[in-house]
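Please read the following report alongside the sequence and the coordinates. It moves from the overall fold to a few individual residues.

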Amino acid sequence: MGCGIVNTMSERLDYAAVSPRGVKALGGVHLYVSQSGLLPGLVTTVYLRVSLINGCAYCIDMHSRELRDLGVSNEKIALVPVWQEAGELFDARERAALAWAETVTRISETGAPDSAYAAASEVFDDKELVDLTLAIGVMNAYNRLAVSFRNPPASAVAKRAE
């Protein structure tokens, strides 16, 4: 799906150039989340997990780089797809955020059950949970743009330029 398609096909269109107001509006939500009080490492880890689920090579590349810039180890970044098996490498808030991100991203399958909501609510207060859900939603929107319009990952663009 996403990764193979993005790597083997060229960009369909530059959605930011075609709809700058729409992309700017989406950026407003992204900016809000960055100023919401949720820790940048937590939010970026959620962004990476959502992007992995959606197969968005552009965002996987970007958020992996951002996590490295935030000082997150390569080992931890590599284990984001299997965070449930990583023991205490992810703290309680990270585990709760990742579980909620998976539930919300796959909402057509999960329906966001009461048990998932209760688990997230044990770790996040109401505002944090709404802000986390906004973060999940905005990343799902960005993933859909990048995958739909074949936005190539920066590392692939750099490799082509060599």
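## Basis of the description

Helices (H or I, at least four residues) and strands (E, at least two) are taken as DSSP runs and are numbered from the N terminus. The model is a predicted one, in which local features need pLDDT of at least 70 and side-chain atom pairs count only at pLDDT 80 or more, while totals for chains, interfaces and linings use all residues. Residues are numbered from 1 along each chain as its sequence is written, and side-chain values use heavy atoms, with hydrogens and water left out.

## Overall fold

The protein chain contains eleven helices and zero strands, so that its pattern along the sequence reads α-α-α-α-α-α-α-α-α-α-α. With a radius of gyration of 16 Å, close to the 15 Å given by the globule rule for 162 residues, the protein chain is as compact as a globular protein of that length; the radius is taken over C-alpha atoms, and the rule is 2.2 Å times the number of residues to the power 0.38. Along its principal axes, the C-alpha trace of the protein chain spans about 45 × 35 × 30 Å.

Contact here means heavy atoms within 4.5 Å. Among contacts in the protein chain between residues at least 6 apart in sequence, 71% join residues at least 24 apart.

## Confidence

The predictor's confidence in each residue, pLDDT, runs from 0 to 100. Its mean over the protein chain is 92, and 91% of the residues reach 70 or more. Over residues 1–7, however, pLDDT stays under 50, and for this segment the model has 13 contacts beyond four places in sequence. Where pLDDT is low, the predicted coordinates should not be read in detail.

## Surface and charge

A residue is called buried under 20% relative accessible area, exposed over 50%, and partly exposed in between (1.4 Å probe, protein chains only). Of the 162 residues of the protein chain, 39% count as buried. The accessible surface of the protein chain, from the Shrake-Rupley method with a 1.4 Å probe and, for residues, with only the protein chains shown counted as cover, comes to about 8800 Å², of which 58% belongs to carbon and sulfur atoms.

The protein chain carries 15 positive and 19 negative side chains, and the centres of the two sets lie 9 Å apart. Lys and Arg count as positive and Asp and Glu as negative, whereas His and the chain ends are not counted; the place of each charge is NZ of Lys, CZ of Arg, CG of Asp or CD of Glu.

R49 lies in helix α4, which covers residues 40–54, and counts as buried because its relative accessibility is 8%. When neighbours within four places in sequence are left aside, R49 is in contact with V80, P81, W83, L98, E102 and R106.

## Two loop residues with positive phi

A112 is found in the loop between α8 (107–110) and α9 (114–123), and its phi is near 45°, a positive value in a residue other than glycine. At 23% relative accessibility, A112 counts as partly exposed.

R150 belongs to the loop between α10 (126–148) and α11 (154–161). Although R150 is not a glycine, it has a positive phi of about 55°, and with a relative accessible area of 9% it is buried.

Helix α10 holds L134, which is partly exposed, with a relative accessible area of 36%. L134 and H30 are 104 residues apart in sequence, yet their C-alpha atoms are 8.4 Å apart in space. Leaving aside neighbours within four places in sequence, L134 is in contact with V29, Y32 and V33.

G137 is likewise placed in helix α10, and with a relative accessible area of 36% G137 is partly exposed. The C-alpha atoms of G137 and T103 are separated by 12 Å, the two residues being 34 residues apart along the chain.
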